[in-house]
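Me: I would like to learn how to read a protein model. Please take me through it one feature at a time.

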Amino acid sequence: MRLADATWTDADAADTDLAVVPVGSTEQHGPHAPLGTDHFTAQAVAEAGADAYDDGEVVVAPPVTVGVSEEHRQFTGTLWVSPETFRATVRDVVGSLASHGWDRVVVVNGHGGNVPALGEVCATISRHDDAYAVPFTWFDAVGDHSADMGHAGPLETAFLRHTDPELIREDRVDAAADGASDGWGEWTSHANLAVDVAEFTENGVVGDPREGDGERGAELLDLATESLCDLLAAVADRDTDRPPHR
Ligand SMILES: [Zn+2]
């Protein structure tokens, strides 16, 4: 059930304790892919996973569309919130879901920069609130493809070519590849010297978007959906009581 499309009476009739919250960002994705890429992909995975789950209903919350993206700030259109604000937003959204009885929540993430804050807030929720929350980042759950993630590179371009092909500016993909960097960050002694993405990529792209066709995008969505579905089953079955003090 997509919460944003439902009425409150529909929501009231939902007999489940499971919910998913898509979280992403609004940030540059090169000259060829939209600023909303990370919340579009998170929402698509969240909805597909909820649809594929066949052991009951799953409430799909509307997406959190601005995330921890300050590293993209030199690229026009990028929006960001602080990690504190992001954690507080996710905590309150999960808390409001839980108040209606949907207190087992998977937060479906589409943005790498959200990962640390998301892990922290999900642990805080599970420890201290009346809810259990687990982070799930879709591009970590696509098998061998994960190694090619980059930024606005093969995976995200492939994904959107499958789900929202009109959003990829095909006439700019060659230029996107020409201005891309090969890897994320500037590494010395296992430390990343770069703070902002603009330090290591000219046009915002990391990886080659030409290596991501729609067929690959369909495979990515299938893999992420299957993985999320398995996770929902595990979350539904889990004993969420905290262990007693030893
Ligand atoms: Zn992205």
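Me: Why are α2 and α5 described as oblique to each other?
Reply: Two packed helices are described by the angle between their axes and the distance between those axes. In this predicted model, local features need pLDDT of at least 70 and side-chain atom pairs count only at pLDDT 80 or more, while totals for chains, interfaces and linings use all residues. Residues are numbered from 1 along each chain as its sequence is written, and side-chain values use heavy atoms, leaving out hydrogens and water. Here helix α2 (residues 37-52) packs against helix α5 (residues 154-163) at an angle of about 60°, and their axes are 11 Å apart. That angle is therefore oblique (under 35 degrees is roughly parallel, over 145 roughly antiparallel, 65 to 115 roughly perpendicular, and the rest oblique). The axes are lines fitted to C-alpha atoms, for helices over the stretch in contact, and angles run from 0 to 180 degrees between N-to-C directions. Helices (H or I, at least four residues) and strands (E, at least two) are DSSP runs, numbered from the N terminus.

Me: Is the crossing of α2 and α5 left-handed or right-handed?
Reply: α2 passes α5 in a left-handed crossing. Left-handed means the near helix is turned anticlockwise from the far one by less than a right angle, and right-handed means clockwise.

Me: Which residues of α2 and α5 make the contact?
Reply: From α2 come Thr 37, Asp 38, Phe 40, Thr 41, Ala 44 and Val 45, and from α5 Glu 156, Phe 159, Leu 160 and Thr 163. Contact means heavy atoms within 4.5 Å. By class, five of these residues are nonpolar, three polar and two charged (Ala, Val, Leu, Ile, Met, Phe, Trp, Tyr, Cys and Pro count as nonpolar, Asp, Glu, Lys and Arg as charged, and the others, Gly among them, as polar).

Me: At what angle do the axes of α3 and α4 cross?
Reply: Helix α3 (residues 83-99) and helix α4 (residues 115-128) cross at roughly 40°, with axes that come within 9 Å. So α3 is oblique to α4, and their crossing is right-handed. Among the residues in contact are Phe 86 and Val 90 of α3 and Leu 118 and Val 121 of α4. This contact has eight nonpolar, two polar and three charged residues.

Me: Now the strands. In what order do the four strands of the open sheet come?
Reply: Strands of a sheet pair through backbone hydrogen bonds, either parallel or antiparallel. The order here is β2-β1-β3-β4, with parallel pairing (two strands pair if DSSP finds at least two bridges between them). β2 and β4 (132-137) are at the edges with a single partner strand each, so one side of each has no neighbour in the sheet. α4 packs on this sheet, touching β1, β3 and β4, and its direction makes about 160° with that of β4. α7 also lies across β1, β3 and β4, running at about 160° to β3.

Me: How many bridges join β1 to β3?
Reply: Six bridges join β1 to strand β3 (residues 104-109), and two join β1 to strand β2 (residues 59-60). Val 20 stands opposite Val 106 in β3 and opposite Val 60 in β2.

Me: Which way do the residues of β1 point?
Reply: In a regular strand the side chains alternate between the two faces of the sheet. In β1, Leu 18, Val 20 and Pro 22 point one way, and Ala 19, Val 21 and Val 23 the other. Six of the six residues in β1 (residues 18-23) are buried (under 20% relative accessible area, with exposed over 50% and partly exposed in between, using a 1.4 Å probe and protein chains only).
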